[in-house]
Amino acid sequence: MTIQSDDAAGMATPTDRLTFTAATVAGGQTLRLAGPITDTYYRATWTVSGTTPSFLFVVALGLA
């Protein structure tokens, strides 16, 4: 999973801000990024792989 940001609503040129390692077992990850980041728009993107993937995840993003 990657957290991306952009200064435009259409996310035409997003910047990767945080990239999580691939999850192969149950668990959790927490990443932090030093700021300031002045972008207004954020999104999470992910890729599912494997022959019979099954997963549940939650994304929480806090901006200060």
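The largest pocket of this predicted model holds about 1,400 Å³ of space, a pocket being an open set of points on a 1 Å grid over the protein atoms alone, where a 1.4 Å probe fits, with protein on both sides within 12 Å along at least five of seven lines. Its volume is the space filled by probe spheres set on the grid points, which are joined across faces, edges and corners. The pocket is lined by 39 residues, of which Met1, Phe20, Gln29, Val58 and Val59 are the closest to its centre; a lining residue has an atom within 4 Å of a point. By class, the lining comprises 26 nonpolar, eleven polar and two charged residues, where Ala, Val, Leu, Ile, Met, Phe, Trp, Tyr, Cys and Pro count as nonpolar, Asp, Glu, Lys and Arg as charged, and the others, Gly among them, as polar.

Local features are reported for pLDDT of at least 70 and side-chain atom pairs for pLDDT 80 or more, whereas totals for chains, interfaces and linings use all residues. Residues are numbered from 1 along each chain as its sequence is written, and side-chain values use heavy atoms, with hydrogens and water left out.

The protein contains three strands and zero helices, in the pattern β-β-β along the sequence; strands (E, at least two residues) and helices (H or I, at least four) are DSSP runs numbered from the N terminus. The radius of gyration, taken over C-alpha atoms, is 13 Å, well over the 11 Å that the globule rule gives for 64 residues, so the protein is more spread out than a compact globule; the rule is 2.2 Å times the number of residues to the power 0.38. Along the principal axes, the C-alpha atoms fill a box of roughly 40 × 25 × 15 Å. Buried residues (under 20% relative accessible area, with exposed over 50%, partly exposed in between, 1.4 Å probe, protein chains only) make up 12% of the 64 residues.

Two aromatic pairs are present, defined by ring centres within 6.5 Å for Phe, Tyr and Trp (its six-membered ring), with planes under 30 degrees apart counted as stacked, over 60 as edge-to-face and the rest as tilted. The rings of Trp46 and Phe57 have centres 4.9 Å apart and planes at 75 degrees, so this pair is edge-to-face. Both residues lie in the segment after strand S3 (41-45), eleven residues apart. Trp46 is partly exposed at 47% relative accessible area, and Phe57 is likewise partly exposed, at 33%.
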